[in-house]
Structure formats: structure tokens, C-alpha cells
Amino acid sequence: MIEPYLHYSDTLTTEPTTIASLSTSSILLTPLPRLSDLLKVKIPIAQSYVRQVSHAIAPSTKRLDEIYDQEQSTGVGPSRLHSDDDDETLDRKGKGKAKWVSTGDAGLDEALGGGIRRGCLYEITGESAAGKSHLSLHLALTFQLPSLTSSPGGSLILTSERELSTDRLVQLGQHLLSLHEPTLLGGERRVKNLLDNILTNRVGDVDALEHALNYAIPAILESRLDPNTSTNHQLPIRLIILDSITALFRGGTNDHERPTAPNALSLAERSKHLCIVADALKAIAVKYDLSILIINQVSDVFQRSTPVSYSQPTSSFMQTQPFTGQNNANPEDIAMIYKTQSRWFSGESEQLKKEASLGIVWANAVNVRIMLSRTGRRRLLDQYNLTSHKRNRPEDRAYLQNEEEGDIRPTLIRKLHVVFSPFSPASTIDYVITPSGVHTLLDSYKKIDVTSEVIRKQIKEEKDRINSENENAGFSSQVNEEDEGGEEELRDNWDEVFDEFGELPEEFWKGEYELGVVDVNGKGDGISDQVSYAGYSDEMVKRDGQGSEVAYNSVEGSVVGSGLGEGSVVGSGIGGSVANST
Amino acid sequence: MASQEQDPFVGEGGEEDFELMAPLLVAKLQEAGISAQDTKKLSDAGFHTVEAVAFTPKKQLCTIKGISEQKADKILMEACKMVPMGFTTATEIHSRRSELVHITTGSTGLDTILGGGIETGAITELYGEFRTGKSQICHTLAVTCQLPVSMGGGEGKCLYIDTEGTFRPVRMLAVAERFGLNGEEVLDNIAYARAYNADHQLQLLVQASAMMAESRFSLLIVDSCTSLYRTDFSGRGELSARQMHLAKFLRTLMRLADEFGVAVVVTNQVVAQVDGGQFAVADAKKPIGGNIMAHASTTRLNLRKGRGSSRVCKIVDSPCLPEAEAIFAINSNGIGDPEEMKEQ
């Protein structure tokens, strides 16, 4: 810790001070008049002392190409830069690349640019039940596996809302060990070792966090590095997780007053604490060479009065002038206002109207932001080999009989969105949570490419314009071949259903029943079984399309909707009332 | 050899476990380089043990005469090195959790998916439409929490905060009879309060903590947590005020759960989603309270109606339980298993 400069009020001894008796930090940080006073020299002499001392202790400058070569030769760079063939297999798992730790999942590693990098601050944000804490537990375990990293390490988990949930940790530990290190024996003993290397503590408020970051955590990190105090299977700490940082800033600490809405003063306070915390975390990350994972929550983004495009950056000059009073500059969409700019870094997207909490100060403090969300779509997935399946229909029963071991369940598809990162492009990738942890799905990695989005949109608008002109002129409208990115063709082997909370019954997944589909425009094309929409249903249609048989009386309720769902029901005779109770 | 087959999470060997460290006197800090004068100043100010010093915020130490900011920093650094600052390994937490009390709900199916019942020391949120059984579960829990731990109860009283006026003691008498408890005593052990507005609801918690300090409570029910917020705060303008208030309420609940080890059960209402969204369903129901509510509750259970008198409960958000469903029934004597299951 740097000693602060010598205060005027500090009473020094009466002996004259020589330059030799002062510490370098005192020399560099004391104001010049005071220094010259102390040493009884003139100011220019004191200046030269300061200059000489700073030259002496300044670190030598390094050229970038030297650093690059050094990293390549010691294998410290990220895995994908390495071109050596023999390192191919090691590359994938990040082993041998001291700065990078593989997450245990190839798709996730690719999305993150090689894995989790040491010395960086990662933020995992997302709505509740998206899987944030779970991902952090998964990483806390993979960090300890020697097959995934050349320097395994333990983790420190700080929780602010609730105690660590260890049941899942044990279960995950068992599964991860059997997945990545099945050849070693030891079983329960090894799971215990995994848990022994995870330290945890509660932090109730920001002051407790700052206290821990300044004193308690460095003390623990040191003791784990010191060969005298650490025992055999104790690994040095390589990962610090804070779950979650938002809870420390929400909820208020003042016990007496009625909590009021945040005002400018409290926001300034909050920003100050955020900066202090972020600085302390980064300092620890660099000094002890570890990664930091912060879990953040989300807040809703309210609908703007005019729809905002996520692929069209505003380029109009008029829109960069906030107060011109021009009629056509939409005040909601003015370029330099936070609301307009935040959509690029807050994790908000067309599908997810939520943004990461804690504002722009925190967004600038983290190195990598990852947004997790639940897409609401479910798919039949084998929990072990992650193959997707179509809903078993009576004619597919033969397939079922061959199934010996597979465990096929309707699984919720979740989405991981790398919002920004210095190591990889912005992208999204789908993943699922199975008993053995977090697994990304093949072929779901999509880079977010703003330029091609813009071009695609322009082409589409052009087409729509032509179509509408043709319609007006009496020609039949062209079939719009360019549907949503050509995803429909891929769905030969599996289909997805929108079912956020998993309310569809088992019979539906076995293919015995279908959902009646509400047809908004009355152009019945019957029952769709590609992407259908779930909901409550009084009656479900039997698969042979016989219409309104009361096949399954599941729950009371309402019309099964599609899109903005009112409208006539086709073929299934669902009449039910739209229960809009509040 | 036999010891190796033991569950490694159970405490191994008596001596290792019994590290009852005697508190270190402040004078011990001298070994770390703090001068004797400074340690004397600390003990004069009331800090007699190293533990006391380690957990004190720096600002407080600086108020001691003669301890400057740098000195306080150094003292804290050394103190934290000497004292385990509350960091425990996950193994210890895991073995502690195996002793956690779960309160049975009365239905075996529901208990199974919950891992034994409602967890104490955490907030469980029940949400669903009307007539899905939220208040019924609360009434049953108010009785089962008084059962001894061996029967799946919590061995403590119940505190019931009611906001909708749905409290019916007669239901509890029926449940008491089912478990063979004396109806009068059961009702005596339930402390009831009716909240009239959101501020009042928050204030009741202050009284609650006073009561919990005096006798053993095992369950705190708030039925329902969010209905008063809907009427007291209206419109988007008051939204942030509402969320702040709700956040404070939930934080206080969490503190009570932690401090006294009670199970906290809150019920929540749902709102219909009438707007679109990409895959909107005409009748999708979402629990209210927004992100604040979602993040504060440890476990969220979604209740919906099944066939006849049966109800379906699904775990929607839990730190350790997988998404699973259970069917239970609302019977005349509380929550129980549905008829078909019983016949099997």
C-alpha cells in the first residue's frame, strides 16, 4: 500500500531529514514546497531529486512486438492465436495457455474468445432464473480441473443475497468430474476436495464489500499462496465471484426513513462506490493473477414511443444536436442521450427488453459483459448426448424402443449473449442446463454483425415496398421467401414449442396431442406443428385432426394464442373466455 | 478402512472440528509490528480482542485519538491476517445445510420436489391465479410448522401477515385435527396481523423481529406480499418508489429469515400480459413485482389449476432444485395428495 505523502501536520522529529531517510513514495508524493522545506534545499534541487527517483523506480518500457513474442513462446496468449499443430488438442481446452481457463464447453470457449482470461473483470447479467448463479458455480468447479487449465485454482464466492447453495455444487462436481476426468478414481473424496477449494462468505452491504476487498480478501489470497500455511490439496485462489452486486445497491440501508426513489445525489453516491469497488477488484485481479466474475441483475426497458432500430446507428447530423428545436428530430432518439446509446452495451436486444442494472458507470468498469436469458422455447433434448428430437409421434414409436439409456426431456433453451468483450466479437449462442451443467448447443453460435443486418433490413424494406405497390395495383402478392433467416429448413430433426414455464403436459411431448392454433387472419392452414404456441387449453385436438373432441381437460382458461391472439379459432372448437383477470 | 467409506462431508474426527479458538487479545497485534502504544490505545477505546478490531469499519477506528488513517489501515491488514474473516469452505456450508429444517406442506408429492418441504432461512414465493391454492398452502403450513421436527415440522410458532382478509382459522382447526394436535393450542401459536397499507406492512416486520427475539418462531407468512403495492402505488411515475419500497420490505424479510432461521413464505399475484412481445400468448400470466421480487425470493413456485380439486405446482426458480412438477389436492383437511395417488 502506498503511504500517503507527508502531511503538513505530521510532527516529524527535530533532526534534519536527509534524502536518504525518506521513502520513495514520500519523495514522489509530497508537494514540492514541503519537500524543499524538509530537506532544506531550494525547489529546483528538490525537483531534480524527484526526477531522479522517478527514473530509478519507473518500470522499463516494453515494445508491443516483444510482448507478443514473449507470450507466444511461453504459451500465455489466447488459444486461437496459436498455430502450432501439436498444440491443437491442448489448444481447445486452453491447457498450457496460462492466462486462459477453459470453461469445459467448446462452444462457450469459442464465444468468449478462448475461455475465461485471468486479470479481467467479467460480468454475468440476466433476469432471474436465467442461470447466472448456476454458470458461476459451473465455472468455480471447472477452474479447479487440471485437464482444463494448466494452473487450476480455487474460488472465493461472495454472496450478498443468500447463502451458497451447495447441493447443486456437489451434484455438478460429480458430473463434471465424470465428464472431464473420468479416469481418475476417488469419487466422493475428490468432490469434497473440490468443495474444500471454494471459500464463501456473505457481504451484507457495500461497506462490508469494500472492507473485504481491502483487507480480508488479500489476507486470504496471501495465505493460500504461502507454502507454510496452505495444506496439501489447497489450491491458490484463481477466481473471485460476487453474487450479486446489484443486491448491495438495492433495498436501501436507512432503517428509519421511508425509502424514496433514487435521486441525483444517491446516484452519485452509488457511482462513487461502484468505481471504488471496480478499482479494488481490478487491482486484486492483476496483482494475484485471477479472474473476477460479477453477477448483475436486470431492469426493464420501457417501450419507446417510436420503435428503435438495433441495427441502424443514427447518422443524421440533426439528431446529434440535442436542443435544436427542430420538428423532425425525435427527442426520444437523439443520438447522444444515454437512452439511445445504451442499447449498444446494456445487453438489450430486440428479443429481450431488459438491460443490465447499475448504469453506465458499471458498464464502463467491466471488461466483458455477458447477458443470459430464457428464450421460452423448449425442445426435446437428450440430457447426455445433447441430440435434439422431434416430438415422438405414434409412427416414431419404433425409435423409442431402441432407446436404452437416453434421457430425453423437454428442455428450455437459453441464450447467452456476449454483449461486449475485448477478446471476441459480439455474439449469441444457445445453451441448456442439464444435470451435468451448462452446455452450448451446436450450430447456434451467431455473431452479431451490424452491417449485414442493416443491409438485410434495407433489402426487406425494399421488397415490402414493392409488394405493397403490387398489391395496390392488383397483382397477387409475392410469397416472401426471405423468412426469418432461413431457420425453418434446419428443423427436420427437431421442433420447438414456446412454453416458458414448462406447463405443457407429457402427452403433448409424446406427440399424442396437438395444440389448437388460433388463426389471426382467418386463412386457415390447419394445425401447425413447427413452432407452435403454448398456453392453457380447455381442449386439445387429437392428432388425427378430428376437430373438437374433448381430448384432454388440462386446465381452465383461455384461448390458445398465436401472435397477438384474438381471432377465430380454427378446427378445435376452443371457445373459452379470455380470462384477463388481474 | 471403514472410515474411508463414510460420507466425506460429515465432520471427520472430533479434534479437527473442535477448533474453538479462544479470542486473541489485542496485544497479539504487537507481533505483527503494531507498536505497544497503539494496541493500548485500541484497548482503551474498547477493542480488547483482535476479532473486534478486524470486523470494525476503518472509519470507526480512525475516530480513536492517535490512530491515523495509515495506522488504521495497517492495523486492519494485520488483524485480518490473524483472524479467519468469516470465510468458510463450501464443504462446511454443505454439512451445515444437511441439518437444515424443512417444513412439510402436507402433500408428499410437493415435499419431494422441494427436497423435504419449505426451506427455513429462505424466502419461498408462491404465485398463481386465483383459486390455485396459495392461501390454502399458507393455512396448512401455519399448522405444520408447529409439528416436531421428526414429523417434518419446524417446532415453532407462526406469524401470519394478511393483506387480503383471507385468514380463516377454521381451516387451521381442520388441519390440526388431521395431525392430531389440539386446535386451541395451535391457534394460540399463530400470531396474526392484518396490514392495511404498504407502510404498515413494513412496520409490522419491526414488531415481528421483536416477537421473534422473545420466543421461537419457525414460519413467517405474508399473504399476499404485493397486493397492497398495487393499490398504494399507481402508474409508471410511482414505479421506482414502489420498487424501492418493495425492495426494502424484501430485504427486511431476508434479514429476519437469516437472523432467526425462520421459513418465509410469501404469496404473489399475477398479471395478464395483454401486450404483444414476439411470442405472445393471449393469456400468459406473469407474477408481479418485477425484477426486484424475482431476485429476492430464493425459490419460486408456480401454482396452477389441475383437474378437479387437484393443483399443479412447478418450481420455476431455485438455486438448487431442478424444474419439476408436483400435483397436490386441496382437501377438507388442508393440502394433501390427490385422490388417484392415494388409491395407488
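Accessible area here comes from the Shrake-Rupley method with a 1.4 Å probe. By that method, chain A exposes about 29,500 Å², and carbon and sulfur atoms supply 52% of this area. Welcome to the structure, which is a predicted model.

**Chain A as a whole**
- Chain A has 582 residues, and 46% of them are buried.
- Its secondary structure comes to 17 helices and 19 strands.
- Among contacts in chain A with a separation of 6 or more, 68% are between residues 24 or more positions apart.

- In soluble globular proteins, nonpolar side chains tend to be buried together.
- The largest nonpolar core here has 56 residues, and the members that touch the most others are A:Ile217, A:Ile245, A:Leu290, A:Trp362, B:Leu42 and B:Phe87.
- Helix α10 of chain A (residues 206–225) gives this core its largest share, 10 residues.
- Setting aside neighbours within four places in sequence, A:Ile217 has contacts that include A:Leu156, A:Leu158 and B:Phe87.

**A helix to look at**
- Helix α16 of chain A runs over residues 450–472, which is 23 residues.
- From its first C-alpha to its last, α16 of chain A reaches 33 Å, close to the 33 Å expected at 1.5 Å a residue.
- The buried residues of α16(A) are A:Val454, A:Asn467 and A:Asn470.

**On the surface of chain A**
- A nonpolar patch on the surface is formed by A:Leu28, A:Leu29 and A:Ile57, which together have about 230 Å² of accessible area.
- One of these residues, A:Leu29, belongs to helix α1 of chain A (residues 24–29).
- A:Leu29 counts as partly exposed because its relative accessibility is 40%, a value between the 20% and 50% cut-offs.

- B:Thr89 sits in strand β1 of chain B (residues 88–89). With a relative accessibility of 14%, B:Thr89 counts as buried, since the cut-off for that is under 20%.
- Apart from neighbours within four places in sequence, B:Thr89 is in contact with A:Leu195, A:Asp196, A:Ile198 and A:Leu199.
- B:Ala210 is part of helix α11 of chain B (residues 198–214), and at 43% relative accessibility it counts as partly exposed.
- Between B:Ala210 and B:Leu141 there are 22 Å in space, C-alpha to C-alpha, and the two are 69 residues apart in sequence.

**Backbone details**
- The peptide bond from A:Asp243 to A:Ser244 is cis, with omega near 0°. A:Ser244 is placed in the loop between β6 (237–243) and α11 (246–249) of chain A.
- In chain B, a cis peptide bond joins B:Asp223 and B:Ser224, with omega about -10°. B:Ser224 is placed in the loop between β7 (217–223) and α12 (227–232) of chain B.
- A:Leu358 is a residue other than glycine with a positive phi, near 75°. A:Leu358 lies in the loop between β9 (354–356) and α14 (359–365) of chain A, and it is buried, with a relative accessible area of 5%.
- B:Glu155, also a residue other than glycine, has a positive phi near 55°. B:Glu155 lies in the loop between α8 (134–144) and β5 (157–162) of chain B, and it is partly exposed, with a relative accessible area of 45%.

Key:
Residues are numbered from 1 along each chain as its sequence is written. Chains are lettered from A and ligands numbered from 1 in the order in which they are written. This is a predicted model: local features need pLDDT of at least 70, side-chain atom pairs count only at pLDDT 80 or more; totals for chains, interfaces and linings use all residues. Side-chain values use heavy atoms; hydrogens and water are left out. Patches are made of residues with over 30% relative accessible area and no salt bridge: like charges are joined within 9 Å, nonpolar side chains (Val, Leu, Ile, Met, Phe, Trp, Tyr) within 5 Å. A salt bridge is a side-chain nitrogen of Lys or Arg within 4 Å of a carboxyl oxygen of Asp or Glu. Helices (H or I, at least four residues) and strands (E, at least two) are DSSP runs, numbered from the N terminus. Buried means under 20% relative accessible area, exposed over 50%, partly exposed in between (1.4 Å probe, protein chains only). Contact means heavy atoms within 4.5 Å. A nonpolar core is a set of buried Ala, Val, Leu, Ile, Met, Phe, Trp, Tyr and Cys residues joined through side-chain atoms within 4.5 Å. The expected span of a helix is 1.5 Å times one less than its number of residues.
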